[in-house]
Amino acid sequence: MNNSSLDIVLIGDKLSLKFKGELTLYNLTKHKKRTDSVDLSEVYNIVIDLSELNFLDSAASIFINNLQNRLSLNSALQVELLCNNSEILDMLELVKAQKLKYTEISHRRKRGFVEKLGENTYNNYISFLSFMSFMGELFANKMHYIESYKNIRYKEIAFEINECAVKAFGIVALTSFLIGLVVAYQSAYQLKLYGANIFIVDMLGISVLRELSPLITAIVIAGRSGSAFTAQIGAMKITQELDAMQTMGFDPYKFLVIPKIAALMITLPMLIFVSDIMAVIGGIVVANLDLGITVDMFLDRFSNVVGVKHFVVGIVKGPFFAFLIASIAIYRGLLVRDDTQSIGFNTTKSVVESIFAVIICDAVFSIAFTNLGI
Amino acid sequence: MNNIIEVKDVKTLFDNRIVHDGIDMSVPKGSIYGLLGPSGCGKTTLLREMVMLQKIDSGDIEILGHKINNIQYEDAMWLRKKWGVLFQSGALFSSLSLKENIALPLVEYSDLSKEMINEIVAFKISIVGLKASDANLYPSQISGGMKKKAALARSLAMDPKLLFLDEPTSGLDPISAREFDALILKLRELLDLTIVMVSHDLQSIYDTVDKVAIIDNKKVVYEGNLDNIFGVENRLIETFFKGVKSV
């Protein structure tokens, strides 16, 4: 029941605010509006009359308390509180006592564009530095694990190879086949115009072996296995499994980090090889159906015009891409903090950053190999 | 050497916030030592510092005669094999079954045969009160109480002399919690353990602990046994132990 009322009575210079019934947060607003709009210019005495109030909740007590304080600020005013209900007085006392303890909760300051830009730049710089320190730790402290063959965790590496390569076989093969198909189809259309049908072999062979296969494989693996690394290590961090490993003297680098990096570095070149085959098969299909080049003709020309170096260049990139993908993914996993959003955030970052790093690395290779005449 | 752990004037900062401002404590050999204090006072942080998961900003922590600031790699590995840690959530490796979890340190650090390890694991499983049939379950398949017991079994795998427990009874129902207390007391008898535990559970503290350190306001406000605790003038201690005093 929200029946409350407020009688505002002005007699001479004496104003009486008489609250009746139950004053609660449900009916507070209308009374607040009325008391705020009272004209106080002619008034010297104010009585806040709570004697006919039979219930006051905490929100309403804060209101009464604030009202009293606001009116008391004006030194010309005499404020008087009328109340004989001990429960209501207790409530008011409680609010008053608490009010001394808390200060107003400060609102978050709005930040300007320059400040945000500066903060983001600084944060990116710091995160780059921390990635470098992760790399430094990996090379300086942890590489001794692979110095001796006894330290190599064959079982873990084999497990990771199965997880991140053998199981990725299908998707890499399918993606590459489609890429080969699409590239060949688009170029077939152009080549037909000039009657240069047979050159599809040169074009496809070089672009697929040198650039497309390594990149497509790396991107698929970054999305598939890189994200899995981040999520797995992040979850282990949240459940304190990494802490448990450390206190038991098992270095997570030895058990988790190095096997993952090694497994990916071993398998990515193999996956690139699979991708080469499938993309070329895609090309053969289009050449056969669309340009009337038989499989024999295609393969014959392929072995004549596409040098082995193109294949080798593509495969050599594999371990480098693998290292970047695995180390970024694991680094991001180790950054996960104790909250649920952190895993999602870092997994996204991991995929984006590793694809970005792979493309940069590819560009560097491309320039280097071309200048070296390979 | 009578004290297993000596903590001297430890200071810890999180960014600019002071967590510990000169903590001193010492854990006698063979005791069950309780770390108490309100939430957020840095008990778990102190425990993490002792087990070398977090660095201290100044001061000294000496465990089993080794100062853990700037400790050598070999000494750190030696220490890690000498202690067991039970994390609040158990922190069992989710990809391994209970049996494999408990066997892991044995497999890694010893050259024991498979049969021998199996037998040790069976012993540890029974000593913490789990059933042999639970051994092949995975951590996701068992209850919170069982997880704690299994994690305890894992921390006992290498027969440590020192055991760290982070809120061992939190999240357990009162009956399981009392069982766990009894288990800890029994293990201390059986295995001659020194135990450091962080706890909020008053009953558990009264039942098990020999010596307590109460951390409040970044410092140790009381260290000693529970009998003398009511002589101390401190608001926290009075509030915290009031319920028990009146019983």
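User: Is Gln240(A) buried or exposed, and how many other C-beta atoms lie within 10 Å?

Analyst: A residue counts as buried if 20 or more other C-beta atoms lie within 10 Å of its own. This is a predicted model, and in it Gln240(A) has 22 other C-beta atoms within 10 Å, so it is buried. The residue belongs to the loop between helix H7 (200-238) and helix H8 (241-247) of chain A.

User: Which residues touch the most other members of the largest nonpolar core?

Analyst: The general idea is that in soluble globular proteins nonpolar side chains tend to be buried together. Here the largest nonpolar core has 65 residues, and those touching the most other members are Leu35(B), Met50(B), Ala153(B), Phe164(B), Ile195(B) and Val196(B). Helix H5 (residues 144-155) of chain B makes the greatest contribution to this core, five residues. Apart from it lies another core, of 58 residues, which includes Val183(A), Ile272(A), Tyr331(A) and Ala357(A).

User: Which residues does Phe164(B) touch, and which residue stands opposite it?

Analyst: Leaving aside residues up to four places away in sequence, Phe164(B) touches Leu47(B), Met50(B), Val51(B), Trp83(B), Val85(B), Leu86(B) and Val196(B). Phe164(B) lies in S7(B), and Val85(B) stands opposite it. Strand S6 (residues 83-86) of chain B points Trp83(B) and Val85(B) one way and Gly84(B) and Leu86(B) the other, and all are buried. S6(B) runs parallel to strand S7 (residues 162-166) of chain B, and four bridges join them.

User: What is the strand order of the open sheet in chain A, and what is its pairing?

Analyst: The four strands follow the order S1-S2-S3-S4, with mixed pairing. Strand S1 (4-11) and strand S4 (78-82) of chain A are the edge strands, each pairing on one side only. On average, and with direction ignored, neighbouring strands of the sheet are turned by 15 degrees against each other. Strand S3 (residues 45-56) of chain A pairs with S4(A) in the parallel sense, over five bridges; Ile46(A) has Val79(A) in S4(A) as its bridge partner. Across strand S2 (14-23), S3 and S4 of chain A lies helix H2 (residues 58-73) of chain A, which runs at about 175 degrees to S3(A).

User: How does the radius of gyration of chain B stand against the globule rule?

Analyst: Chain B has eight helices and 10 strands. Its radius of gyration is 18 Å, close to the 18 Å that the globule rule gives for 247 residues, so chain B is as compact as a globular protein of that length. Its C-alpha trace spans about 55 × 45 × 35 Å along the principal axes. Chain A, by contrast, has a radius of gyration of 37 Å, whereas a compact globule of 374 residues would have one near 21 Å. The C-alpha trace of chain A spans about 115 × 60 × 40 Å along its principal axes. Buried residues make up 31% of chain A, and 39% of the residues of chain B count as buried.

User: How many residues of each chain are in contact with the other chain, and what ipTM does the predictor give?

Analyst: In the contact between the chains, 13 residues of chain B meet 10 residues of chain A. On the side of chain B, helix H2 (73-82) and helix H3 (98-109) of chain B each give two or more residues, and H2(B) gives the most, with three. The predictor assigns the complex an ipTM of 0.72 and a pTM of 0.72. For chain B the mean pLDDT is 84, and 97% of its residues reach 70 or more.

Note on methods: Residues are numbered from 1 along each chain as its sequence is written. Chains are lettered from A and ligands numbered from 1 in the order in which they are written. This is a predicted model: local features need pLDDT of at least 70, side-chain atom pairs count only at pLDDT 80 or more; totals for chains, interfaces and linings use all residues. A nonpolar core is a set of buried Ala, Val, Leu, Ile, Met, Phe, Trp, Tyr and Cys residues joined through C-beta atoms within 7 Å. A residue is buried if 20 or more other C-beta atoms lie within 10 Å of its own, exposed if 12 or fewer, and partly exposed in between; C-beta atoms are placed from the backbone. Two residues are in contact if their C-beta atoms, placed from the backbone, lie within 7 Å. Two strands pair if DSSP finds at least two bridges between them. Axes are lines fitted to C-alpha atoms, for helices over the stretch in contact, and angles run from 0 to 180 degrees between N-to-C directions. pLDDT is the predictor's confidence in each residue, from 0 to 100. The radius of gyration is taken over C-alpha atoms; the globule rule is 2.2 Å times the number of residues to the power 0.38.
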